[in-house]
Amino acid sequence: MKIAIAQLNPTIGDLQGNADKILKASHRAASEGVRLLLTPELSLCGYPPRDLLLHPSFVETMAQQLSQLASNLPEGLAVLVGTVEPNAGAVSTGGKPLFNSVALIEKSNILKVFHKRLLPTYDVFDEDRYFEPGNEPNQFELDGVRIGVTICEDLWNDEEFWGKRTYNLNPIADLAQAGVDFTINLSASPYTVGKQKLREAMLKHGAVRFNQPLIYANQVGGNDDLIFDGASLAIDRKGELIARAVSFEEDWVVLEYDSEKQDFEKSSIASAPECKEAELWSALVLGVRDYARKCGFSKIVLGLSGGIDSSLIAAIASEAVGKDNVLGILMPSPYSSDHSIQDALALAENLGIQTQTFPIGTLMECFDHTLDPLFAGTPFGLAEENLQSRIRGTLLMAVSNKFGHLLVSTGNKSEVAVGYCTLYGDMNGGLAAIADVPKTQVYKLCEWLNRSTEIIPNNVLSKPPSAELKPDQKDQDSLPEYDVLDDILDRYLHQHQSLAEIVATGHDAAIVERVAKLVRIAEFKRKQAPPGLKVTDRAFGTGWRMPIASRWIAQISHNS
């Protein structure tokens, strides 16, 4: 039996377009003698559809599209399609109105519909808002082979692997007990750094523990702040990797099941990204490309300061939409150094992107004159610094509005965490591409980009970072050194260490308390920021749910 994985990049809500992708994959499968075609979780509507599921017309149209797709599929092929199914018993017995489902289609008929059993409600997931969990193991028989069906989270509850259970049942264990020959998992698993290694380790453990092959078909593509890396794979019953699709691209994998051996033959195994930086680069490029494409943008505009963050964004944008579709705006002030302007122009030349220069000195004078009746006699300070950023933000938005370009903001995670960014200034934009990338990782990414040829000017990498909003300003005038700051933020945000635990690792107590305070008081800014691409397990996006008005203050000692 031949089984194919169609690693698809659906667009949320594009029911016709997604159905066409599935149909195209189906014809390819039929031409290659495939018997069973796998598509990702909710492949018909895209994942996550979120509150589109609250519209009855959306659900009804999806059902009509599924029926039409079934009638168009080629003969001799069984296809598993991710969709939603109304919960007929919800009105009379209670429960959520929908199931997160997979439809088994063959010979123009929907033969069975399987329901997801474990519904995640953590981090970016909120499936309990919409779906009722399935209450029985999912399996079917095809040509004498018994096949188990699971959907994404159904795979992630092996207490032996995790050391605990998050849910009170394990769908993989239930299917093994039911005696299936192998189990498939149709998934839409968002990307975070290093997650593929975890997935493969989990699947290998499950295959050996339950003595059955496992196939994992994952979605690929960017949807809002989420990136899906694909990297679909198969593990034989011995726990060996026998197939892997490429990461961050649509792909096609064919597997051959040997009924006598009760196992799969080895297939193509795509190489994993060479290093963390290569993986991150591919993720960020895909996230920017799909956000632009799926939101209807063909061109990107950004502010070019000559600093490392805007340099990295320009490189990502050029790769994502093409160098001819990127416009860098230089907006020097009287405080801008000559080398920053030169560095920005050198970067643009290296990348081959267009630039435009708008000096803002005259605009600064106009603002000073207008505000003079109230500001006269007061010292130059944060208000005047932020005005420069807001002038630049306004100019960038003007270009975006005038020409329909996507404005990509340039703030990194370290800045966003502690509020070292200006609301309605450098935070302006439709997408914050590196808002989940710490400053130290920004440097590593740029060094990786320069591994064979200079893309980011060397001076950008070597000079001290500065916002250049006043004479001789350096970031470290206001912040700890970035290697110190990023380590504190990692421990505080990702590892949830207490301040005392962070200090015990060798950090200065006053700095740790100050960083924690900055994180807390910057919450109002993050709530008004553009969506940021998620690449870590703790991003300032959909999964971040901190209150703005809060009196909780983290301290070294609660008694101090």
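An open sheet of 6 strands, with mixed pairing, has the order β6-β7-β8-β9-β12-β13; strands here are DSSP runs of E with at least two residues, helices are runs of H or I with at least four residues, both numbered from the N terminus, and two strands pair if DSSP finds at least two bridges between them. The model is a predicted one, in which local features need pLDDT of at least 70 and side-chain atom pairs count only at pLDDT 80 or more, while totals for chains, interfaces and linings use all residues. Residues are numbered from 1 along each chain as its sequence is written, and side-chain values use heavy atoms, with hydrogens and water left out.

At the edges of this sheet stand β6 (139–142) and β13 (241–244), each of which has a single partner strand, so one side of each is left without a neighbour in the sheet. On average, and with direction ignored, neighbouring strands of the sheet are turned by 20° against each other, where axes are lines fitted to C-alpha atoms, for helices over the stretch in contact, and angles run from 0 to 180 degrees between N-to-C directions. Strands β8 (residues 182–187) and β9 (residues 214–218) run parallel and are joined by 5 bridges, and Ile184 has Ile215 in β9 as its bridge partner. Helix α5 (residues 171–178) packs on this sheet, where it touches β6, β7 (145–151) and β8, contact meaning heavy atoms within 4.5 Å; the direction of α5 makes about 170° with that of β7.

Another open sheet has 7 strands, in the order β5-β4-β3-β2-β1-β14-β15, and its pairing is mixed. Its edges are formed by β5 (109–115) and β15 (263–264), each with a single partner strand, so one side of each is left without a neighbour in the sheet. Within it, strand β1 (residues 2–7) pairs with strand β2 (residues 36–38) in the parallel sense over 3 bridges, with Ala4 standing opposite Leu37 in β2. Helix α1 (residues 15–31) lies across β1, β2, β3 (78–86) and β14 (251–258) and runs at about 145° to β2, whereas helix α2 (residues 56–72) lies across β3, β4 (98–106) and β5, at about 160° to β3. In the loop between β2 and α2 is Pro48, and the peptide bond from Tyr47 to Pro48 is cis, with omega near 0°. Asn211, found in the loop between α6 and β9, has a positive phi, near 50°, in a residue other than glycine.

Two packed helices are described by the angle between their axes and the distance between the axes. The axes of α15 and helix α17 (residues 509–521) come within 10 Å and cross at roughly 65°. The contact involves Leu485, Ile488, Leu489, Tyr492 and Leu493 of α15, together with Ile511, Val512, Val515, Ala516 and Val519 of α17. By class, the residues of this contact are 10 nonpolar, no polar and no charged, where Ala, Val, Leu, Ile, Met, Phe, Trp, Tyr, Cys and Pro count as nonpolar, Asp, Glu, Lys and Arg as charged, and the others, Gly among them, as polar.

Grid points are joined across faces, edges and corners, and a volume is the space filled by probe spheres set on the points. The second largest pocket holds about 1000 Å³ of space, and among the 39 residues that line it, the closest to its centre are Thr192, Val193, His494, Thr536 and Asp537. The lining of this pocket receives at least two residues from each of α6 (195–210), α7 (276–294), α12 (413–418), α13 (439–449) and α15 (482–494), and α15 gives the most, with 5 residues. By class, this lining has 17 nonpolar, 9 polar and 13 charged residues.

The count of cavities of 30 Å³ or more comes to 1, and the largest cavity has a volume of about 60 Å³. The largest cavity is lined by Leu155, Asp158, Asn170, Ile172, Met202, Gly206, Phe210 and Leu214, and α6 supplies the largest share, 3 residues.

Terms used: 1 Å grid on protein atoms, 1.4 Å probe; cavity = no way out; pocket = protein on both sides within 12 Å on 5 of 7 lines; lining within 4 Å.
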